[in-house]
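Hi,

Here is the structure I promised to pass on. Have a look at it first, then read my notes below.

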Amino acid sequence: MDNNTIAKIEEILDYKFNNPDLLITALCHDSYSVLHEGYTSYQVLEFLGDGIVGFIIDDTLTLLHPNYKVGDLTGVKKTIVSTKPLSKTIKQLQLDKYILVAKNTIVTEKICEDVYESLVGAIYRDSSIDEAKRFVLRTLKPLIETQTKENSIDYKSTLMQKYVRSRCDFRTVNVTGPAHKPMFTIGLYIDNVKVAQAEASSKAKAQEECCRIFLTKEE
């Protein structure tokens, strides 16, 4: 990655790296690093950034909504810190075209989510939590401002109440991804009939998404 490309990315991020190698690593998928000597996968930075993004959003939401219960805060958080919104943010910033992947590797939503988190980890490692927070709040501000308790529906509770006389259960269909951040594919079954399937970074998120898909389909 040449200096001109690095400068363009830094302009998008509104942050100039003291150590540009951290930026390159934050954009490097493991499919690329295994084929190119001297490149390191973003996995460690993504692991770091995942925790930092979660902390920043937790801190921000508890300050914005001091009267919310934990369940309410969790509901709002999951609409901000999940695959779709984080990957959408990367695409809106047009950073997806700079992600380093092997020739035949498709830049998926999951990869974009990982890169968002690895960039946050890289900014933190290069400078401070304050700079990481500035980036997170700048890029996720629209989501933070629009997500409230009213539009954060608990689909799982809604489904359980609606189908209280039926047998509703969730079954793990598949588990993929690295050990530190697996992806769970969960199926929703009502009276032993599979009615929806979803994939997410935790079983709880996948279950909630299954319920959302099924209830939305019913409308």
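A quick definition before the strands: two strands count as paired if DSSP finds at least two bridges between them. Helices (H or I, at least four residues) and strands (E, at least two) are DSSP runs, numbered from the N terminus. Keep in mind that this is a predicted model, where local features need pLDDT of at least 70, side-chain atom pairs count only at pLDDT 80 or more, and totals for chains, interfaces and linings use all residues. Residues are numbered from 1 along each chain as its sequence is written, and side-chain values use heavy atoms, with hydrogens and water left out.

On to the sheet. It is open, with 3 strands in the order E1-E2-E3 and antiparallel pairing. E1 (168-176) and E3 (193-200) are the edge strands; each has a single partner, so one side of each has no neighbour in the sheet. On average, neighbouring strands are turned by 20 degrees against each other, direction ignored. (Axes are lines fitted to C-alpha atoms, for helices over the stretch in contact, and angles run from 0 to 180 degrees between N-to-C directions.) Strand E2 (residues 183-190) is joined to E3 by 7 bridges, and Phe-184 has Ala-200 in E3 as its bridge partner. Helix H9 (residues 155-162) lies across E1 and E2, at about 140 degrees to E1; contact here means heavy atoms within 4.5 Å.

Now the charges. I get 15 salt bridges in the whole structure, counting a side-chain nitrogen of Lys or Arg within 4 Å of a carboxyl oxygen of Asp or Glu.

Which residues does Lys-181 pair with? One is Glu-46, at 3.4 Å from N to O. That pair links Lys-181, in the loop between E1 and E2, to Glu-46 in helix H4 (residues 43-64), 135 residues apart. Another is Asp-50, with the closest N and O atoms 3.9 Å apart. Since Asp-50 is also in H4, this pair ties together parts that are 131 residues apart in sequence.

Buried or exposed? Lys-181 is buried, at 7% relative accessible area, and Glu-46 is buried at 2%, whereas Asp-50 is partly exposed at 30%. The cut-offs: buried is under 20% relative accessible area, exposed is over 50%, and partly exposed is in between (1.4 Å probe, protein chains only).

Elsewhere, Glu-131 and Arg-134 form a salt bridge at 3.1 Å between the closest N and O atoms. They sit 3 residues apart in helix H8 (residues 129-146), about one helical turn. Glu-131 is partly exposed at 26%, as is Arg-134 at 37%.

Cheers
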